[in-house]
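Here are some notes for a colleague who is about to work through this entry.

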Amino acid sequence: MATEDEAKKAQIVEARARNISHNVRCTECGSQSIEDSNADVAVLLRKLIRDEIRSGKSDKEIYKKLEEDFGETVLYAPKFDLQTAALWLSPVIVAGAAAGVWAYQRHRQRTNVHIMALNLVRGVPLTPKEKETMLDLLTPPRPPRRWPWERR
C-alpha cells in the first residue's frame, strides 16, 4: 500500500511539474519551454520546480518565485497591467482599425453616387464602372413572388 501511495504521489508531482514546465520559457533558448529544452538552465529549472512541489508549494507560489528570480519574460502568459496593455490590446486595435478603413471605403463608395450625379448634370460622361453602380442603385428591386407558379 505504501508503495502505491508513493507512486501516486510521484505521478502527481510529475504531472504538476510538467504542467508548470510547459508554461515557463527557457531563459537560454527563448523560444522553447523548459520542458522541451535540453539546455543546462532548463534542466536546473525543472529540478527546481520538482523540489518546490515536493516541499509543498502551490503552482502560484512557484510561478511567483520564477518570476521574481528571472523576470516576467520567463512566463509564457504575462500578466495584464499597464506595461503589457499594448501587447494584449494590439490585436483588438488592429482589427478595429481595419474595420474602420473598410467601413470608410464602403461609405465613400456609396457617397460617390452624389459626385456621379453632379458629373451627369455637368455633362461629364460616366465610366463603365460608374454606369454599373448607378444602374444598381437606381434599378428598383424585384417584387417578391406571391405564388410558386408565377414567372419573374
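What percentage of the 152 residues of the protein count as buried?

1. In this predicted model, 21% of the 152 residues count as buried. The exposed surface comes to about 12,100 Å², and carbon and sulfur atoms supply 60% of that area.

2. As to secondary structure, the protein has five helices and zero strands, so that, by the DSSP runs used here, the order from the N terminus on reads α-α-α-α-α.

3. The overall dimensions deserve attention: the radius of gyration is 32 Å, whereas a compact globule of 152 residues would have a value near 15 Å. Along the principal axes, the C-alpha trace spans about 95 × 45 × 25 Å. Among contacts between residues at least 6 apart in sequence, 40% join residues at least 24 apart.

4. On charge, the protein carries 25 positive and 21 negative side chains, and the centres of these two sets lie 16 Å apart.

5. The largest nonpolar core has 16 residues, of which I20, V24, I34, I49, I53, I62 and L66 touch the most other members. The elements that give two or more residues to this core are α1 (2–22), α2 (40–54) and α3 (59–70), and the largest share, four residues, comes from α2. In soluble globular proteins, nonpolar side chains tend to be buried together.

Terms used:
Residues are numbered from 1 along each chain as its sequence is written. This is a predicted model: local features need pLDDT of at least 70, side-chain atom pairs count only at pLDDT 80 or more; totals for chains, interfaces and linings use all residues. Side-chain values use heavy atoms; hydrogens and water are left out. The radius of gyration is taken over C-alpha atoms; the globule rule is 2.2 Å times the number of residues to the power 0.38. Buried means under 20% relative accessible area, exposed over 50%, partly exposed in between (1.4 Å probe, protein chains only). Contact means heavy atoms within 4.5 Å. Accessible areas come from the Shrake-Rupley method with a 1.4 Å probe; for residues, only the protein chains shown count as cover. Lys and Arg count as positive and Asp and Glu as negative; His and the chain ends are not counted. The place of a charge is taken as NZ of Lys, CZ of Arg, CG of Asp or CD of Glu. A nonpolar core is a set of buried Ala, Val, Leu, Ile, Met, Phe, Trp, Tyr and Cys residues joined through side-chain atoms within 4.5 Å.
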